[in-house]
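I opened this notebook to keep track of what I look up in one protein model. The entries follow the order in which I checked things.

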Amino acid sequence: MPTNLKIAPRLLSFAAAAFVLFAVVNADAQPPATSSVVIPPIPPGQARIWIYSGSQPTSPFNYPHMEAVTLNGAKVGYEQLGAGFYRNVAPGHYVIGAPSFLALDPSQSATVDLAAGQEAYLKLDALGWPNGGGENMVVEYYVRLMPPQIARTAIAQLAFLSGN
């Protein structure tokens with residue numbers, strides 16, 4: 001019986017080390033490419049809106065990402081460079097809003113009317129410029145309605161963030 005008591009601490013140490021190794025290996029895990037994810041069909045009676053950001057920044061400055069994207073004023077996800085997501089929605093009129101600090105440019109949102117079974121593809125582009133020197137940046141996001149053929153090709157190569 002004393003032999004079993006000596007094995008238990010070793011087993012626990014091994015299990016703890018395996019857990020830490022697993023956590024370290026997966027800490028930088030990237031979402032899978034959209035092309036490797038099985039995307040379900042649009043549910044009956046709904047439409048789908050895809051939102052994505054290109055894999056290359058459109059600004060020469062290094063700016064943070066993960067800004068909220070809105071549909072009719074409600075947050076539905078977060079923009080991330082080189083990634084995309086979709087939301088299934090009821091048919092209707094939608095205003096897709098990009099994060100904005102100035103709110104002066106109508107290109108910072110897009111509108112789309114969707115019937116059941118339709119899809120819309122919206123690309124977010126970000127432009128940034130220095131504000132007061134140092135690392136302070138002003139970043140403005142722009143929303144562009146994209147043709148399905150172009151958007152599908154681009155999205156397939158991006159990281160898949162989520163769908164509903």
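**Entry 1. Confidence.** I began with pLDDT, which is the predictor's confidence in each residue, on a scale from 0 to 100. I need it here because this is a predicted model. For this protein I noted a mean pLDDT of 76, with 62% of the residues at 70 or more. I then looked up residues 14-28, where the pLDDT is below 50. Beyond near neighbours in sequence, this stretch has zero contacts in the model.

**Entry 2. The largest core.** Which residues have the most contacts inside the largest nonpolar core? I found I49, I51 and I96, in a core of 20 residues. Next I asked which strands supply at least two residues each. My list reads β1, β2 (67-71), β4, β5 (92-97), β6 (109-114), β7 and β8 (137-145). Of these, β7 gives the most, with four residues.

**Entry 3. I49.** I left aside the neighbours of I49 within four places in sequence and looked up its other contacts. Among them are L71, F85, Y86, V89, Y94 and I96. I also wrote down L114, A120 and L122 as contacts of I49.

**Entry 4. Aromatic pairs.** How many aromatic pairs are there? I noted three. One that I looked up is W50 with Y86, a tilted pair with 5.0 Å centre to centre and 55° between the planes. W50 lies in strand β1 (residues 47-53) and Y86 in strand β4 (residues 83-89), so the pair ties together parts that are 36 residues apart in sequence. I checked burial too: both W50 and Y86 are buried. Ring pairs also bring in F160, which forms a cluster with W50 and Y86.

**Entry 5. D125.** I looked for D125 and found it in strand β7 (residues 119-130). Is D125 buried or exposed? I wrote down buried, because its relative accessibility is 12% and the cut-off for buried is under 20%. Last, I looked up a side-chain partner for D125. The side chains of D125 and R144 are joined by a polar contact of 3.0 Å.

Terms used
Residues numbered from 1 in each chain as written. Predicted model: local features only at pLDDT ≥ 70, side-chain atom pairs only at ≥ 80, totals over all residues. Heavy atoms only, no water. Contact = heavy atoms within 4.5 Å. Buried < 20%, exposed > 50% of the residue type's maximum accessible area, 1.4 Å probe, protein only. Polar contact = N/O pair within 3.5 Å; in protein donor to acceptor, adjacent residues only side chain to side chain. Phe/Tyr/Trp six-rings, centres within 6.5 Å; stacked < 30°, edge-to-face > 60°. Core = buried A, V, L, I, M, F, W, Y, C linked by side-chain atoms within 4.5 Å.
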